[in-house]
Amino acid sequence: MNLFNDAPQMELMTDALMMTFSVLHYTGKSVVYVLEASMRWITLMYDATNDAGYQDMLMAEIMAYMNLGFSMPKKNPILENVVNRESIMKNLYGLRRGQRISLTKTQVRSMIGKWKPSKASPMTINQVVDDIIEKVKNRQTGVYRYSCHSGEQDTYELVITDEEMFFWDIRNFKFYVFED
């Protein structure tokens, strides 16, 4: 099966992998660590079987990782021997749900939709933006949840681990990675 010839199947698989990657922090696992471990396992299976389906799996994982807003994994023998980096980049067009952003008030504010303080979540939008910037700048490890009820409930998570930092708009399934 070649996922790149079946766009709906590729998008479904990529979405499923993105969901998996986006909740790894609940188990204390890093997205980068899990991707690297999975790449090694898939490569071993590909080498043992020569089954092209493993190439598709590896490409889908890398696309999901990049769709979260992370950069292409660094060159390594696994990527060079099993997948075509150019085809990954070509097939990412139109699927990307994540983006890299600078740690400025304007950029951080752009990640958040309408915001209305409430008793349950009394912070103003400026306080939320400042809180996110401070936590990211100081690499305050943790999972921070921001919610507001402006019509529908909007929930966001800021995830900071030793290995990575990202912001997740849960309702809209959008991801933001902070540029260093």
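# Reading burial, helices and rings in a predicted model

Visitor: Why is His25 called buried?

Guide: Buried means under 20% relative accessible area, and His25 has a relative accessible area of 12%, so His25 is buried. If residues up to four places away in sequence are not counted, His25 touches Val143, Glu157, Val159, Phe166 and Trp168.

Visitor: Why does Thr14 count as buried?

Guide: The relative accessibility of Thr14 is 1%, which is under 20%, and therefore Thr14 counts as buried. Thr14 belongs to helix α1, and, with its neighbours within four places in sequence left aside, Thr14 is in contact with Ala60, Met63, Ala64 and Asn67.

Visitor: How do you know that the span of α1 agrees with its 16 residues?

Guide: The expected span of a helix is 1.5 Å times one less than its number of residues, and for the 16 residues of α1 that gives 22 Å; the end C-alpha atoms of α1 are 22 Å apart, so the two values agree.

Visitor: Which residues of α1 are buried, and what puts them on the same side of α1?

Guide: The buried residues of α1 are Met10, Thr14, Leu17, Met18, Phe21 and Ser22. Because they cover an arc of only 130° around the axis, they lie on the same side of α1, while the face turned away from the buried side of α1 carries the exposed residues Pro8 and Leu12. An α-helix has 3.6 residues a turn, so residues three or four places apart point the same way.

Visitor: How does the span of α2 compare with what its 19 residues should give?

Guide: At 1.5 Å a residue, the 19 residues of α2 should span 27 Å, and the end C-alpha atoms of α2 are 27 Å apart, so the value agrees. Val31, Leu35, Ser38, Met39, Ile42, Thr43 and Tyr46 are buried in α2, and because they cover an arc of only 140° around the axis, they are on the same side of α2. The exposed residues Tyr33, Leu44, Asp47 and Ala48 are carried by the face of α2 turned away from its buried side.

Visitor: What caps the N-terminal end of α2, and what follows α2?

Guide: The cap at the N-terminal end of α2 is Ser30, a side-chain oxygen of which lies 3.1 Å from the backbone nitrogen of Val32. Asn50 follows α2 and has a positive phi, near 60°.

Visitor: What makes the pair of Trp41 and Tyr54 edge-to-face?

Guide: Among the 8 aromatic pairs found in a search of the whole structure, the rings of Trp41 and Tyr54 have their centres 6.2 Å apart, which is within 6.5 Å, and their planes at 75°, which is over 60, so the pair is edge-to-face. Trp41 is in helix α2 and Tyr54 in helix α3, 13 residues apart, and the pair links distant parts of the chain.

Visitor: Why is Trp41 called partly exposed, and why is Tyr54 called buried?

Guide: The relative accessibility of Trp41 is 46%, between the cut-offs of 20% and 50%, so Trp41 counts as partly exposed. Tyr54 has a relative accessible area of 15%, which is under 20%, and is therefore buried.

Visitor: Why is the pair of Phe173 and Phe175 edge-to-face?

Guide: The ring centres of Phe173 and Phe175 are 5.1 Å apart and their planes stand at 75°, which is over 60, so this pair too is edge-to-face. Both Phe173 and Phe175 are buried. Trp115, Tyr156, Phe167 and Tyr176 form one aromatic cluster.

Visitor: Which residues have the most contacts inside the largest nonpolar core?

Guide: In the largest nonpolar core, which has 25 residues, those with the most contacts inside it are Phe21, Val31, Tyr65, Phe70 and Phe166. At least two residues of this core are supplied by each of α1, α2, α3, β4 and β5, and its largest share, 7 residues, comes from α3. A second, separate core of 21 residues includes Ile101, Trp115, Tyr144 and Phe178.

Key
Residues are numbered from 1 along each chain as its sequence is written. This is a predicted model: local features need pLDDT of at least 70, side-chain atom pairs count only at pLDDT 80 or more; totals for chains, interfaces and linings use all residues. Side-chain values use heavy atoms; hydrogens and water are left out. A nonpolar core is a set of buried Ala, Val, Leu, Ile, Met, Phe, Trp, Tyr and Cys residues joined through side-chain atoms within 4.5 Å. Buried means under 20% relative accessible area, exposed over 50%, partly exposed in between (1.4 Å probe, protein chains only). Helices (H or I, at least four residues) and strands (E, at least two) are DSSP runs, numbered from the N terminus. The arc is that of the directions from the helix axis to the C-beta atoms. Contact means heavy atoms within 4.5 Å. Rings of Phe, Tyr and Trp (its six-membered ring) pair if their centres lie within 6.5 Å; planes under 30 degrees apart count as stacked, over 60 as edge-to-face and the rest as tilted. A polar contact is a pair of N or O atoms within 3.5 Å; within protein, one must be able to donate a hydrogen and the other to accept it, and residues adjacent in sequence count only if both atoms are side-chain atoms.
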